[in-house]
Amino acid sequence: MQTIIIGSGVSGLICAATLAQAGHSVTVFEQFHRAGGSTAPFERDGFRWDLGQLLVEGFGPDEPTGQVLAALGIADRVRVKQDDRRYVFPDFDLLKPQEYGGPRWRIERLKELFPAESAGLERYYRDLIRFTRLMTAARKVEQAEGPARLAAQARMYAALLPFFTRMNWNAQQVMDNYFKSEQLKAVFMSILADFFTPPSKFQGLGVFALNPETSFDSRVPAELAPGAVQLHYYSILGGIGTLVDALVARIVELGGQVLPGRPVEKVLVENGKVKGVQDRDGNVLPADVVIASGAVNEVFFNLVGEEHLPADFAARVRAQPLMDSVFMVHLGLDYDPSVHTGGAVAYYYGTYDLENGISEAAQGLYHEGRAGFVVHVPTHHSPEMAPEGMHAMTIYTICPDRLSEGTWSERRVEFADKLVAYAEAHIPGLREHTVTRAIMTPDDFHGRLGVDHHAFGGLAPWLGTRRIPAQTPIAGLWFTGQQGESGGGTYAVIMAAYKMAKKIAGK
Ligand SMILES: Cc1cc2nc3c(=O)[nH]c(=O)nc-3n(C[C@H](O)[C@H](O)[C@H](O)COP(=O)(O)OP(=O)(O)OC[C@H]3O[C@@H](n4cnc5c(N)ncnc54)[C@H](O)[C@@H]3O)c2cc1C
(Lines give C-alpha, C1' and ligand atoms only; values in the text may rest on other atoms or scores of the structure.)
Protein backbone atom coordinates (compact mmCIF):
# COMPACT_ATOMS: atom_id res chain seq x y z
CA MET A 1 0.00 0.00 0.00
CA GLN A 2 1.59 3.33 -1.10
CA THR A 3 0.96 5.95 1.57
CA ILE A 4 1.93 9.61 1.38
CA ILE A 5 1.89 11.83 4.43
CA ILE A 6 1.88 15.59 4.10
CA GLY A 7 3.68 17.22 7.02
CA SER A 8 6.33 15.96 9.45
CA GLY A 9 4.87 17.45 12.62
CA VAL A 10 4.31 14.98 15.41
CA SER A 11 0.95 13.93 13.94
CA GLY A 12 2.40 13.09 10.52
CA LEU A 13 5.39 11.24 12.01
CA ILE A 14 3.22 9.12 14.33
CA CYS A 15 1.02 8.13 11.36
CA ALA A 16 4.09 7.33 9.27
CA ALA A 17 5.74 5.16 11.93
CA THR A 18 2.49 3.30 12.68
CA LEU A 19 1.75 2.59 9.02
CA ALA A 20 5.35 1.70 8.15
CA GLN A 21 5.21 -0.81 11.01
CA ALA A 22 1.98 -2.19 9.54
CA GLY A 23 3.74 -2.80 6.20
CA HIS A 24 2.75 0.31 4.23
CA SER A 25 5.26 1.90 1.91
CA VAL A 26 5.41 5.35 3.52
CA THR A 27 6.74 8.70 2.29
CA VAL A 28 6.50 11.87 4.40
CA PHE A 29 6.69 15.19 2.54
CA GLU A 30 7.78 18.21 4.58
CA GLN A 31 7.88 21.71 3.13
CA PHE A 32 10.45 23.06 5.64
CA HIS A 33 14.11 22.06 5.47
CA ARG A 34 13.94 20.20 8.81
CA ALA A 35 11.41 17.63 10.01
CA GLY A 36 9.26 18.29 13.08
CA GLY A 37 6.86 21.19 12.33
CA SER A 38 5.98 22.93 15.61
CA THR A 39 8.08 20.37 17.44
CA ALA A 40 11.29 21.00 15.47
CA PRO A 41 13.94 22.57 17.69
CA PHE A 42 15.58 25.93 16.97
CA GLU A 43 19.35 26.22 17.25
CA ARG A 44 21.84 29.09 17.33
CA ASP A 45 25.32 29.76 18.77
CA GLY A 46 25.41 26.39 20.54
CA PHE A 47 22.00 26.88 22.21
CA ARG A 48 18.85 24.83 21.45
CA TRP A 49 15.32 25.88 22.23
CA ASP A 50 11.96 24.14 21.81
CA LEU A 51 9.35 25.93 19.73
CA GLY A 52 6.07 24.22 20.28
CA GLN A 53 5.97 22.15 23.40
CA LEU A 54 6.75 22.81 27.00
CA LEU A 55 5.31 19.90 28.96
CA VAL A 56 3.82 16.78 27.44
CA GLU A 57 1.14 14.68 29.03
CA GLY A 58 0.99 10.95 29.62
CA PHE A 59 4.52 9.95 28.50
CA GLY A 60 5.10 7.53 31.40
CA PRO A 61 5.49 3.80 30.60
CA ASP A 62 1.99 3.01 31.97
CA GLU A 63 0.34 6.03 30.39
CA PRO A 64 -1.28 6.37 26.96
CA THR A 65 1.37 8.34 25.02
CA GLY A 66 4.17 6.32 26.61
CA GLN A 67 2.41 3.15 25.48
CA VAL A 68 2.17 4.45 21.91
CA LEU A 69 5.92 5.13 21.87
CA ALA A 70 6.53 1.61 23.23
CA ALA A 71 4.28 0.07 20.57
CA LEU A 72 6.27 1.95 17.91
CA GLY A 73 9.55 0.66 19.37
CA ILE A 74 11.01 4.04 20.41
CA ALA A 75 10.22 4.26 24.14
CA ASP A 76 13.88 3.74 25.05
CA ARG A 77 14.98 6.58 22.72
CA VAL A 78 12.75 9.24 24.28
CA ARG A 79 13.76 9.90 27.87
CA VAL A 80 11.42 11.97 29.97
CA LYS A 81 11.30 13.54 33.42
CA GLN A 82 8.13 14.28 35.39
CA ASP A 83 7.77 18.03 35.53
CA ASP A 84 5.30 20.79 36.43
CA ARG A 85 4.36 24.41 35.77
CA ARG A 86 4.18 27.38 38.08
CA TYR A 87 1.46 30.05 37.92
CA VAL A 88 2.21 33.62 39.01
CA PHE A 89 -0.65 36.14 39.20
CA PRO A 90 -0.43 39.91 39.78
CA ASP A 91 -1.32 39.53 43.51
CA PHE A 92 -0.20 36.02 44.43
CA ASP A 93 2.08 33.18 43.41
CA LEU A 94 1.31 29.46 43.30
CA LEU A 95 4.90 28.24 43.52
CA LYS A 96 4.94 24.63 44.73
CA PRO A 97 6.30 24.31 48.29
CA GLN A 98 9.86 23.05 48.69
CA GLU A 99 8.62 20.37 51.03
CA TYR A 100 5.81 18.39 49.44
CA GLY A 101 2.47 19.26 51.04
CA GLY A 102 0.27 16.42 49.72
CA PRO A 103 -2.13 16.40 46.75
CA ARG A 104 -4.32 19.11 48.31
CA TRP A 105 -1.60 21.68 48.91
CA ARG A 106 -2.87 24.00 46.15
CA ILE A 107 -6.43 23.89 47.46
CA GLU A 108 -5.21 24.65 51.00
CA ARG A 109 -3.06 27.53 49.73
CA LEU A 110 -6.02 28.93 47.80
CA LYS A 111 -8.15 28.66 50.95
CA GLU A 112 -5.58 30.79 52.77
CA LEU A 113 -5.61 33.36 49.97
CA PHE A 114 -9.42 33.31 49.54
CA PRO A 115 -10.88 32.27 52.93
CA ALA A 116 -14.41 33.30 51.94
CA GLU A 117 -14.27 30.75 49.10
CA SER A 118 -13.36 27.72 51.23
CA ALA A 119 -16.66 25.92 50.70
CA GLY A 120 -16.50 26.51 46.93
CA LEU A 121 -12.94 25.21 46.83
CA GLU A 122 -14.00 22.02 48.63
CA ARG A 123 -16.88 21.54 46.16
CA TYR A 124 -14.46 22.16 43.27
CA TYR A 125 -11.99 19.58 44.63
CA ARG A 126 -14.74 16.98 45.13
CA ASP A 127 -15.82 17.51 41.50
CA LEU A 128 -12.23 17.39 40.28
CA ILE A 129 -12.00 13.89 41.75
CA ARG A 130 -15.32 12.92 40.16
CA PHE A 131 -14.22 14.30 36.80
CA THR A 132 -10.90 12.46 37.06
CA ARG A 133 -12.86 9.25 37.65
CA LEU A 134 -14.84 9.99 34.49
CA MET A 135 -11.64 10.52 32.46
CA THR A 136 -10.09 7.36 33.93
CA ALA A 137 -13.18 5.39 32.91
CA ALA A 138 -13.12 6.95 29.42
CA ARG A 139 -9.49 5.87 28.89
CA LYS A 140 -10.43 2.33 29.96
CA VAL A 141 -13.22 2.29 27.36
CA GLU A 142 -10.65 3.22 24.68
CA GLN A 143 -8.42 0.30 25.68
CA ALA A 144 -11.05 -2.38 26.31
CA GLU A 145 -12.59 -4.77 23.79
CA GLY A 146 -15.67 -7.03 23.74
CA PRO A 147 -17.63 -7.51 27.01
CA ALA A 148 -14.91 -5.68 28.98
CA ARG A 149 -15.63 -2.63 26.85
CA LEU A 150 -19.33 -2.78 27.69
CA ALA A 151 -18.51 -2.96 31.41
CA ALA A 152 -16.09 -0.04 31.05
CA GLN A 153 -18.77 1.96 29.24
CA ALA A 154 -21.24 1.31 32.05
CA ARG A 155 -18.69 2.59 34.59
CA MET A 156 -18.08 5.66 32.43
CA TYR A 157 -21.78 6.53 32.25
CA ALA A 158 -22.08 6.09 36.03
CA ALA A 159 -19.15 8.51 36.48
CA LEU A 160 -20.90 10.98 34.17
CA LEU A 161 -24.09 11.12 36.27
CA PRO A 162 -22.96 13.81 38.78
CA PHE A 163 -22.31 16.15 35.83
CA PHE A 164 -25.48 15.46 33.91
CA THR A 165 -27.19 18.80 34.58
CA ARG A 166 -23.97 20.75 33.84
CA MET A 167 -23.06 19.10 30.54
CA ASN A 168 -23.94 22.14 28.45
CA TRP A 169 -22.52 24.80 30.74
CA ASN A 170 -19.67 26.95 29.55
CA ALA A 171 -16.52 27.54 31.61
CA GLN A 172 -17.77 30.84 33.02
CA GLN A 173 -20.96 29.16 34.30
CA VAL A 174 -19.00 26.32 35.87
CA MET A 175 -16.66 28.71 37.67
CA ASP A 176 -19.50 31.04 38.77
CA ASN A 177 -21.10 28.00 40.37
CA TYR A 178 -18.11 27.53 42.71
CA PHE A 179 -16.58 30.97 43.24
CA LYS A 180 -17.33 34.68 43.56
CA SER A 181 -13.80 36.04 43.23
CA GLU A 182 -12.71 36.85 39.66
CA GLN A 183 -9.12 36.29 40.77
CA LEU A 184 -9.86 32.79 41.95
CA LYS A 185 -11.79 31.96 38.79
CA ALA A 186 -8.74 33.09 36.81
CA VAL A 187 -6.58 30.53 38.65
CA PHE A 188 -8.54 27.78 36.92
CA MET A 189 -9.35 29.50 33.61
CA SER A 190 -6.34 31.70 32.77
CA ILE A 191 -4.90 29.07 30.42
CA LEU A 192 -7.91 29.68 28.14
CA ALA A 193 -6.21 32.90 27.00
CA ASP A 194 -3.54 30.64 25.46
CA PHE A 195 -6.30 28.91 23.52
CA PHE A 196 -7.81 32.20 22.26
CA THR A 197 -11.05 30.94 23.75
CA PRO A 198 -13.18 33.16 25.99
CA PRO A 199 -14.63 31.38 29.05
CA SER A 200 -18.12 31.87 27.62
CA LYS A 201 -17.13 29.75 24.59
CA PHE A 202 -15.30 26.90 26.36
CA GLN A 203 -16.94 23.60 27.35
CA GLY A 204 -17.39 24.05 31.09
CA LEU A 205 -16.35 20.61 32.36
CA GLY A 206 -13.16 20.97 30.32
CA VAL A 207 -11.90 23.29 33.09
CA PHE A 208 -11.15 20.22 35.21
CA ALA A 209 -9.11 18.74 32.38
CA LEU A 210 -7.04 21.94 32.24
CA ASN A 211 -6.16 21.74 35.93
CA PRO A 212 -4.83 18.32 36.90
CA GLU A 213 -3.01 18.72 40.22
CA THR A 214 -0.13 16.63 38.80
CA SER A 215 0.63 19.44 36.33
CA PHE A 216 1.31 21.92 39.16
CA ASP A 217 3.40 19.56 41.26
CA SER A 218 4.90 16.40 39.81
CA ARG A 219 5.04 14.89 43.34
CA VAL A 220 1.23 14.58 43.40
CA PRO A 221 0.47 10.87 42.91
CA ALA A 222 -1.35 9.82 39.75
CA GLU A 223 -4.20 8.28 41.78
CA LEU A 224 -5.84 11.30 43.40
CA ALA A 225 -8.53 9.10 44.98
CA PRO A 226 -9.67 5.50 44.36
CA GLY A 227 -10.44 5.11 40.64
CA ALA A 228 -9.43 8.72 39.86
CA VAL A 229 -6.12 8.57 38.00
CA GLN A 230 -4.54 11.73 36.58
CA LEU A 231 -1.82 11.65 33.97
CA HIS A 232 1.55 13.15 34.74
CA TYR A 233 3.32 15.88 32.79
CA TYR A 234 6.84 15.53 31.45
CA SER A 235 9.78 17.39 29.99
CA ILE A 236 11.48 15.51 27.18
CA LEU A 237 15.18 15.28 27.94
CA GLY A 238 17.20 16.89 25.18
CA GLY A 239 14.09 18.77 24.05
CA ILE A 240 11.16 17.77 21.86
CA GLY A 241 13.53 17.40 18.89
CA THR A 242 14.55 14.10 20.52
CA LEU A 243 11.05 12.74 19.88
CA VAL A 244 11.11 13.99 16.28
CA ASP A 245 14.52 12.46 15.60
CA ALA A 246 13.49 9.13 17.19
CA LEU A 247 10.36 8.97 15.03
CA VAL A 248 12.22 9.86 11.83
CA ALA A 249 14.89 7.23 12.56
CA ARG A 250 12.21 4.61 13.24
CA ILE A 251 10.35 5.40 10.00
CA VAL A 252 13.58 5.00 8.04
CA GLU A 253 14.41 1.71 9.85
CA LEU A 254 10.98 0.45 8.82
CA GLY A 255 11.72 1.25 5.17
CA GLY A 256 9.88 4.59 4.98
CA GLN A 257 11.18 7.97 3.79
CA VAL A 258 11.01 11.45 5.32
CA LEU A 259 11.69 14.19 2.77
CA PRO A 260 12.32 17.65 4.26
CA GLY A 261 12.29 20.60 1.82
CA ARG A 262 9.68 18.88 -0.40
CA PRO A 263 6.42 20.88 -0.32
CA VAL A 264 3.31 19.22 -1.69
CA GLU A 265 1.50 21.55 -4.07
CA LYS A 266 -1.54 19.45 -5.02
CA VAL A 267 -3.46 16.47 -3.73
CA LEU A 268 -4.57 14.64 -6.87
CA VAL A 269 -8.22 13.57 -6.86
CA GLU A 270 -10.20 11.75 -9.55
CA ASN A 271 -13.86 10.81 -9.30
CA GLY A 272 -13.95 11.39 -5.57
CA LYS A 273 -10.88 9.23 -4.91
CA VAL A 274 -7.34 10.28 -4.01
CA LYS A 275 -4.69 9.35 -6.59
CA GLY A 276 -1.51 10.81 -5.12
CA VAL A 277 0.22 14.16 -4.81
CA GLN A 278 2.18 16.60 -6.93
CA ASP A 279 5.18 18.31 -5.34
CA ARG A 280 6.29 21.90 -5.97
CA ASP A 281 8.72 20.77 -8.71
CA GLY A 282 5.85 19.22 -10.64
CA ASN A 283 6.70 15.59 -9.81
CA VAL A 284 3.62 13.37 -9.58
CA LEU A 285 3.73 10.67 -6.91
CA PRO A 286 0.92 8.10 -6.97
CA ALA A 287 -0.57 6.83 -3.70
CA ASP A 288 -3.42 4.67 -2.43
CA VAL A 289 -3.69 6.66 0.79
CA VAL A 290 -2.86 10.32 1.43
CA ILE A 291 -2.82 11.66 4.98
CA ALA A 292 -2.67 15.43 5.27
CA SER A 293 -1.74 17.38 8.38
CA GLY A 294 -1.12 21.11 8.84
CA ALA A 295 -3.57 23.94 8.19
CA VAL A 296 -7.15 22.93 7.49
CA ASN A 297 -7.89 25.76 5.01
CA GLU A 298 -4.65 25.32 3.08
CA VAL A 299 -5.10 21.54 2.84
CA PHE A 300 -8.68 21.56 1.60
CA PHE A 301 -8.79 24.76 -0.46
CA ASN A 302 -5.22 25.03 -1.85
CA LEU A 303 -3.99 21.43 -2.04
CA VAL A 304 -7.27 19.57 -2.70
CA GLY A 305 -9.43 22.29 -4.29
CA GLU A 306 -12.98 23.22 -3.42
CA GLU A 307 -14.28 21.68 -6.66
CA HIS A 308 -13.62 18.24 -5.14
CA LEU A 309 -15.44 18.93 -1.87
CA PRO A 310 -19.16 18.57 -1.05
CA ALA A 311 -20.53 22.06 -0.30
CA ASP A 312 -21.45 21.25 3.31
CA PHE A 313 -17.95 19.93 3.97
CA ALA A 314 -16.34 23.07 2.48
CA ALA A 315 -18.59 25.21 4.69
CA ARG A 316 -17.52 23.18 7.70
CA VAL A 317 -13.83 23.72 6.84
CA ARG A 318 -14.43 27.49 6.63
CA ALA A 319 -16.18 27.48 10.02
CA GLN A 320 -13.28 25.95 11.98
CA PRO A 321 -12.24 28.48 14.68
CA LEU A 322 -8.47 28.91 14.65
CA MET A 323 -6.18 30.16 17.37
CA ASP A 324 -3.77 33.00 16.67
CA SER A 325 -0.02 33.04 17.04
CA VAL A 326 2.89 33.49 19.45
CA PHE A 327 5.68 36.04 19.73
CA MET A 328 8.90 34.48 21.06
CA VAL A 329 12.24 35.64 22.32
CA HIS A 330 14.87 32.93 22.73
CA LEU A 331 17.75 33.88 25.02
CA GLY A 332 21.15 32.31 25.60
CA LEU A 333 22.18 33.17 29.17
CA ASP A 334 25.41 32.95 31.12
CA TYR A 335 23.58 32.42 34.44
CA ASP A 336 20.91 30.06 35.77
CA PRO A 337 17.49 31.81 35.58
CA SER A 338 15.59 28.85 37.05
CA VAL A 339 16.48 30.03 40.56
CA HIS A 340 13.93 32.76 39.81
CA THR A 341 11.46 30.81 37.65
CA GLY A 342 11.35 27.96 40.17
CA GLY A 343 11.65 25.27 37.48
CA ALA A 344 11.42 24.65 33.75
CA VAL A 345 8.04 26.30 33.05
CA ALA A 346 6.40 29.35 34.61
CA TYR A 347 3.28 31.23 33.50
CA TYR A 348 3.24 34.91 34.52
CA TYR A 349 -0.21 36.47 34.23
CA GLY A 350 -0.65 40.24 34.12
CA THR A 351 -4.45 40.44 34.13
CA TYR A 352 -7.55 38.58 35.30
CA ASP A 353 -9.68 39.91 32.43
CA LEU A 354 -9.67 36.97 30.03
CA GLU A 355 -12.64 37.88 27.84
CA ASN A 356 -11.21 41.29 27.02
CA GLY A 357 -7.67 40.06 26.38
CA ILE A 358 -8.91 37.46 23.91
CA SER A 359 -11.18 39.87 22.07
CA GLU A 360 -8.31 42.39 21.71
CA ALA A 361 -6.10 39.72 20.11
CA ALA A 362 -8.90 38.95 17.65
CA GLN A 363 -8.78 42.63 16.60
CA GLY A 364 -5.05 42.49 15.88
CA LEU A 365 -4.09 44.29 19.12
CA TYR A 366 -0.95 42.88 20.73
CA HIS A 367 -0.62 43.32 24.51
CA GLU A 368 3.20 43.51 24.25
CA GLY A 369 3.65 41.30 27.33
CA ARG A 370 1.40 43.29 29.72
CA ALA A 371 -1.28 40.58 29.84
CA GLY A 372 1.24 37.86 30.59
CA PHE A 373 3.88 35.55 29.18
CA VAL A 374 5.34 32.08 29.56
CA VAL A 375 8.95 31.30 30.41
CA HIS A 376 10.56 27.98 29.51
CA VAL A 377 14.06 27.02 30.65
CA PRO A 378 14.82 23.67 28.97
CA THR A 379 18.37 23.59 30.37
CA HIS A 380 16.77 23.18 33.81
CA HIS A 381 16.32 19.52 32.83
CA SER A 382 18.67 19.24 29.81
CA PRO A 383 21.99 21.07 30.29
CA GLU A 384 23.14 19.81 26.88
CA MET A 385 20.81 22.35 25.26
CA ALA A 386 23.37 25.12 25.95
CA PRO A 387 27.16 25.44 26.03
CA GLU A 388 28.64 24.31 29.33
CA GLY A 389 27.63 26.49 32.27
CA MET A 390 25.07 28.43 30.19
CA HIS A 391 21.27 28.27 29.94
CA ALA A 392 18.62 28.45 27.22
CA MET A 393 15.40 30.34 27.89
CA THR A 394 12.32 31.07 25.78
CA ILE A 395 9.90 33.84 26.69
CA TYR A 396 6.68 33.84 24.68
CA THR A 397 3.30 35.50 24.62
CA ILE A 398 0.21 34.83 22.61
CA CYS A 399 -0.33 37.45 19.91
CA PRO A 400 -2.47 38.18 16.86
CA ASP A 401 -1.34 36.53 13.65
CA ARG A 402 -1.40 39.96 11.99
CA LEU A 403 -1.09 43.34 13.70
CA SER A 404 -3.73 46.01 13.30
CA GLU A 405 -0.96 48.63 13.15
CA GLY A 406 2.40 48.06 11.48
CA THR A 407 3.94 44.73 10.61
CA TRP A 408 5.80 42.15 12.66
CA SER A 409 9.01 42.77 10.76
CA GLU A 410 8.86 46.51 11.54
CA ARG A 411 8.13 46.06 15.24
CA ARG A 412 9.86 42.82 16.25
CA VAL A 413 12.87 44.38 18.01
CA GLU A 414 10.76 46.93 19.90
CA PHE A 415 8.40 44.14 21.05
CA ALA A 416 11.27 41.83 22.03
CA ASP A 417 12.83 44.59 24.17
CA LYS A 418 9.50 45.14 25.92
CA LEU A 419 8.87 41.44 26.52
CA VAL A 420 12.32 40.93 28.04
CA ALA A 421 11.75 44.00 30.26
CA TYR A 422 8.44 42.52 31.53
CA ALA A 423 10.16 39.20 32.20
CA GLU A 424 13.07 40.90 33.95
CA ALA A 425 10.68 42.29 36.56
CA HIS A 426 10.33 38.64 37.72
CA ILE A 427 13.73 37.30 36.67
CA PRO A 428 16.41 39.82 37.61
CA GLY A 429 19.57 40.04 35.52
CA LEU A 430 18.11 38.85 32.20
CA ARG A 431 19.55 41.56 29.97
CA GLU A 432 22.91 41.70 31.68
CA HIS A 433 23.32 37.92 31.35
CA THR A 434 22.14 37.58 27.74
CA VAL A 435 24.86 36.33 25.40
CA THR A 436 22.61 35.62 22.42
CA ARG A 437 19.03 36.48 21.45
CA ALA A 438 16.74 35.29 18.64
CA ILE A 439 13.28 36.71 17.94
CA MET A 440 10.44 34.74 16.35
CA THR A 441 7.27 36.39 15.10
CA PRO A 442 4.17 34.94 13.43
CA ASP A 443 5.89 35.63 10.09
CA ASP A 444 8.64 33.15 10.99
CA PHE A 445 6.00 30.52 11.79
CA HIS A 446 4.27 31.15 8.44
CA GLY A 447 7.48 30.04 6.70
CA ARG A 448 8.39 27.22 9.08
CA LEU A 449 4.92 25.64 8.93
CA GLY A 450 3.82 26.64 5.42
CA VAL A 451 0.71 28.45 6.64
CA ASP A 452 -0.94 31.73 5.80
CA HIS A 453 -2.42 32.07 9.30
CA HIS A 454 -0.41 30.70 12.24
CA ALA A 455 -2.68 29.05 14.80
CA PHE A 456 -0.12 28.06 17.42
CA GLY A 457 -2.13 25.31 19.09
CA GLY A 458 -4.40 24.59 16.11
CA LEU A 459 -8.16 24.78 16.55
CA ALA A 460 -9.55 27.09 19.22
CA PRO A 461 -11.64 24.71 21.37
CA TRP A 462 -14.92 26.61 21.05
CA LEU A 463 -18.15 25.03 22.22
CA GLY A 464 -20.39 23.69 19.48
CA THR A 465 -17.77 23.40 16.71
CA ARG A 466 -18.30 20.45 14.38
CA ARG A 467 -14.73 19.42 13.72
CA ILE A 468 -13.38 17.92 10.51
CA PRO A 469 -13.47 14.12 10.73
CA ALA A 470 -10.26 12.17 10.20
CA GLN A 471 -11.84 10.35 7.25
CA THR A 472 -12.66 13.00 4.64
CA PRO A 473 -15.39 12.73 1.97
CA ILE A 474 -12.65 11.93 -0.60
CA ALA A 475 -11.91 8.20 -0.60
CA GLY A 476 -8.35 7.51 0.57
CA LEU A 477 -7.76 11.06 1.90
CA TRP A 478 -7.42 11.50 5.66
CA PHE A 479 -6.83 14.59 7.76
CA THR A 480 -5.04 14.71 11.12
CA GLY A 481 -3.11 16.99 13.46
CA GLN A 482 -3.90 19.99 15.59
CA GLN A 483 -6.44 21.48 13.17
CA GLY A 484 -8.24 18.16 12.88
CA GLU A 485 -10.69 16.20 15.00
CA SER A 486 -8.41 16.05 18.05
CA GLY A 487 -7.51 19.72 18.28
CA GLY A 488 -4.03 20.64 19.50
CA GLY A 489 -1.58 19.59 22.18
CA THR A 490 0.94 16.83 21.80
CA TYR A 491 -1.11 14.28 23.74
CA ALA A 492 -4.31 14.81 21.74
CA VAL A 493 -2.48 14.88 18.43
CA ILE A 494 -0.42 11.74 19.09
CA MET A 495 -3.36 9.69 20.38
CA ALA A 496 -5.61 10.72 17.46
CA ALA A 497 -2.94 10.15 14.79
CA TYR A 498 -2.14 6.71 16.21
CA LYS A 499 -5.79 5.69 16.36
CA MET A 500 -6.41 6.90 12.81
CA ALA A 501 -3.33 5.11 11.44
CA LYS A 502 -4.42 1.88 13.13
CA LYS A 503 -7.81 2.22 11.47
CA ILE A 504 -6.20 2.78 8.05
CA ALA A 505 -4.02 -0.28 8.65
CA GLY A 506 -7.16 -2.27 9.47
CA LYS A 507 -6.04 -3.02 13.04
C1 LIG B 1 4.63 27.91 21.70
C2 LIG B 1 3.92 26.61 21.76
C3 LIG B 1 3.76 25.98 22.97
C4 LIG B 1 3.12 24.75 23.06
N5 LIG B 1 3.05 24.13 24.26
C6 LIG B 1 2.56 22.87 24.33
C7 LIG B 1 2.62 22.15 25.55
O8 LIG B 1 3.12 22.63 26.57
N9 LIG B 1 2.10 20.89 25.56
C10 LIG B 1 1.58 20.32 24.44
O11 LIG B 1 1.16 19.16 24.50
N12 LIG B 1 1.49 20.99 23.27
C13 LIG B 1 1.98 22.24 23.18
N14 LIG B 1 1.94 22.92 22.00
C15 LIG B 1 1.18 22.36 20.87
C16 LIG B 1 1.87 21.23 20.10
O17 LIG B 1 3.22 21.54 19.89
C18 LIG B 1 1.13 21.06 18.77
O19 LIG B 1 -0.26 20.88 18.99
C20 LIG B 1 1.63 19.89 17.93
O21 LIG B 1 3.04 19.86 17.91
C22 LIG B 1 1.06 20.01 16.51
O23 LIG B 1 1.54 18.97 15.68
P24 LIG B 1 0.91 18.79 14.21
O25 LIG B 1 1.60 17.63 13.60
O26 LIG B 1 -0.56 18.76 14.28
O27 LIG B 1 1.22 20.14 13.41
P28 LIG B 1 2.55 20.85 12.92
O29 LIG B 1 3.64 20.68 13.89
O30 LIG B 1 2.16 22.23 12.54
O31 LIG B 1 2.96 20.04 11.61
C32 LIG B 1 2.42 20.26 10.33
C33 LIG B 1 3.56 20.10 9.33
O34 LIG B 1 3.04 20.13 8.01
C35 LIG B 1 4.00 20.79 7.19
N36 LIG B 1 3.33 21.22 5.95
C37 LIG B 1 2.34 22.14 5.85
N38 LIG B 1 1.97 22.27 4.55
C39 LIG B 1 2.74 21.40 3.83
C40 LIG B 1 2.83 21.09 2.43
N41 LIG B 1 2.05 21.68 1.51
N42 LIG B 1 3.74 20.16 2.05
C43 LIG B 1 4.54 19.53 2.97
N44 LIG B 1 4.50 19.82 4.29
C45 LIG B 1 3.60 20.74 4.72
C46 LIG B 1 4.48 21.91 8.06
O47 LIG B 1 5.68 22.49 7.60
C48 LIG B 1 4.60 21.21 9.40
O49 LIG B 1 5.89 20.63 9.55
C50 LIG B 1 2.58 24.16 21.89
C51 LIG B 1 2.71 24.79 20.65
C52 LIG B 1 3.40 26.00 20.57
C53 LIG B 1 3.61 26.64 19.22
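Two residues are in contact if their C-beta atoms, placed from the backbone, lie within 7 Å. With that in hand, here is a set of views of this predicted model.

**Figure 1. Where domain 1 meets domain 3.**
Eight residues of domain 1 are in contact with eight residues of domain 3. The C-alpha centres of these two domains lie 29 Å apart. According to the domain assignment, domain 1 is built from the pieces 2–46, 240–320 and 459–504. Domain 3 covers 325–449 in that assignment, and domain 2 covers 105–227.

**Figure 2. The protein as a whole, before we zoom in.**
Take a moment to get your bearings: there are 16 helices and 21 strands in the protein. Its C-alpha atoms fill a box of roughly 65 × 60 × 45 Å along the principal axes. How does the radius of gyration of the protein, with its 507 residues, agree with that of a compact globule? A compact globule with 507 residues would have a radius of gyration near 23 Å, and the protein, at 22 Å, agrees with this. Buried residues account for 49% of the 507. Among contacts between residues at least 6 apart in sequence, 72% join residues at least 24 apart.

**Figure 3. An open sheet of six strands with mixed pairing.**
Follow the strands across the sheet in the order β7-β17-β18-β19-β16-β20. At the edges stand β7 (85–88) and β20 (434–440); each has a single partner strand, so one side of each is left without a neighbour in the sheet. From one strand to the next, the twist averages 15°. Helix α14 (residues 408–424) lies across β16, β18, β19 and β20. This helix runs at about 65° to β16.

**Figure 4. A closer look at strand β18 and its two partners.**
Is strand β18 (residues 372–376) mostly covered or mostly open? Mostly covered: five of its five residues are buried. Gly-372, Val-374 and His-376 point one way from the strand, while Phe-373 and Val-375 point the other way. Strand β17 (residues 345–349) pairs with β18 in the antiparallel sense over five bridges. With strand β19 (residues 391–399), β18 also pairs in the antiparallel sense, over three bridges.

**Figure 5. Strands β16 and β19 side by side.**
Stepping along the sheet, we come to β16 (residues 325–333), which is joined to β19 by nine bridges. The two strands run antiparallel. To find your place along the pair, look for His-330, whose bridge partner in β19 is Thr-394.

**Figure 6. A parallel open sheet of five strands.**
Here the strand order is β11-β2-β1-β15-β21, and the pairing is parallel. The edge strands, β11 (257–259) and β21 (477–479), each pair on one side only. Neighbouring strands are turned by 15° against each other on average, direction ignored. Between β1 (residues 2–6) and β15 (residues 289–292) there are four bridges in the parallel sense, and Ile-5 has Ile-291 as its bridge partner in β15. Helix α1 (residues 10–21) packs on the sheet, where it touches β1, β2 (25–29) and β15. The direction of α1 makes about 165° with that of β2.

**Figure 7. The largest nonpolar core.**
In soluble globular proteins, nonpolar side chains tend to be buried together. The largest such core in this model has 144 residues. Which residues have the most contacts inside it? They are Leu-13, Ile-14, Ala-16, Ile-251, Val-290, Val-375 and Leu-419. Helix α16 (residues 490–504) gives the most to this core, with ten residues. Leaving aside neighbours within four places in sequence, Val-290 is in contact with Ile-4, Ile-6, Val-267, Val-274, Val-277, Gly-476 and Leu-477.

**Figure 8. The hairpin of β12 and β13.**
Strand β12 (residues 264–270) and strand β13 (residues 273–279) pair in the antiparallel sense over six bridges.

Definitions and conventions
Residues numbered from 1 in each chain as written. Predicted model: local features only at pLDDT ≥ 70, side-chain atom pairs only at ≥ 80, totals over all residues. Buried ≥ 20, exposed ≤ 12 C-beta atoms within 10 Å, placed from the backbone. Pairing = 2+ DSSP bridges. Core = buried A, V, L, I, M, F, W, Y, C linked by C-beta atoms within 7 Å. Rg over C-alpha atoms; globule rule 2.2 N^0.38 Å. Axes fitted to C-alpha atoms, helices over the stretch in contact; angles between N-to-C directions. Domains from an automatic or database assignment.
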